[in-house]
Amino acid sequence: MTRTELTDKIVALKRRKKLTWRGIAGQIGGGSPIVTTAALLGQMRLTEDEAAKAAGVLGLDDEERALLTEIPYRGSLPPGPPTDPLIYRFYELVSVYGTTWKALIEEEFGDGIMSAIDFDMTLERQPDPKGDRVRIAMTGKFLPYKRY
């Protein structure tokens, strides 16, 4: 079984069992629902304990459980702008504000990058009378470029 096939199976099991990503993450425990969902969708890995719990929740076999603990090949989007409207809006945000974020981060921190490895993210619903809002907060460690 490939990791892509396992991802497809997990999505089908989630649908069949009428589960939610947050619900699955809550049963697995051990971390952020964002990281757990990313792992189940093939972009992160689970610990042995988390994989065993995921296998129990979803009814996965030993090979599938083991696959959840392997280091994945990250990056699930095809080349070019995304076609899914929701994902495209993130692409649009980076296209429009990326240079602004870069300029402001470099002005505040210096020459470097924001880590996507040492990184925290939360996603929550914010009620609003004009229509609920999606609040995404990202906190990444600043890594300065080294001069040799």
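Reply: A nonpolar core is here a set of buried Ala, Val, Leu, Ile, Met, Phe, Trp, Tyr and Cys residues joined through side-chain atoms within 4.5 Å, and buried means under 20% relative accessible area. The model is a predicted one. Its largest nonpolar core comprises 16 residues, and I10, L40, L46, L58, L60 and L68 are those with the most contacts inside it. At least two residues of this core come from each of helix 1 (3-16), helix 2, helix 3 (33-40) and helix 4. The most is given by helix 4, which supplies five residues.

Two packed helices are described by the angle between their axes and the distance between the axes. For helix 2 (residues 21-28) and helix 4 (residues 48-58), the angle is about 125° and the axes lie 9 Å apart. Angles from 65 to 115 degrees count as roughly perpendicular and those over 145 as roughly antiparallel; helix 2 and helix 4 are therefore oblique to each other. Their crossing is right-handed. On the helix 2 side, the residues that take part are I24, Q27 and I28, and they meet E50, K53, A54, V57 and L58 of helix 4. Sorted by class, this contact of helix 2 with helix 4 contains five nonpolar, one polar and two charged residues.

L58 links this contact with the core: it meets helix 2 as part of helix 4, and it is also among the core residues with the most contacts. Apart from neighbours within four places in sequence, L58 touches I10, L13, K17, L19, I24 and L40.

The axes of helix 2 and helix 3 come within 9 Å and cross at roughly 100°, which makes helix 2 roughly perpendicular to helix 3. Here W21, R22, I24, A25 and I28 of helix 2 are in contact with P33, T36, T37 and L40 of helix 3. By class, six nonpolar, two polar and one charged residues make up the contact of helix 2 with helix 3.

The loop between helix 2 and helix 3 holds S32. This serine has a relative accessible area of 26%, and S32 is therefore partly exposed. The C-alpha atoms of S32 and M121 are 8.4 Å apart, although 89 residues separate the two along the chain.

Note on methods
Residues are numbered from 1 along each chain as its sequence is written. This is a predicted model: local features need pLDDT of at least 70, side-chain atom pairs count only at pLDDT 80 or more; totals for chains, interfaces and linings use all residues. Side-chain values use heavy atoms; hydrogens and water are left out. Axes are lines fitted to C-alpha atoms, for helices over the stretch in contact, and angles run from 0 to 180 degrees between N-to-C directions. Helices (H or I, at least four residues) and strands (E, at least two) are DSSP runs, numbered from the N terminus. Angles under 35 degrees count as roughly parallel, over 145 as roughly antiparallel, 65 to 115 as roughly perpendicular and the rest as oblique. A crossing is left-handed if the near helix is turned anticlockwise from the far one by less than a right angle, and right-handed if clockwise. Contact means heavy atoms within 4.5 Å. Ala, Val, Leu, Ile, Met, Phe, Trp, Tyr, Cys and Pro count as nonpolar, Asp, Glu, Lys and Arg as charged, and the others, Gly among them, as polar. Buried means under 20% relative accessible area, exposed over 50%, partly exposed in between (1.4 Å probe, protein chains only).
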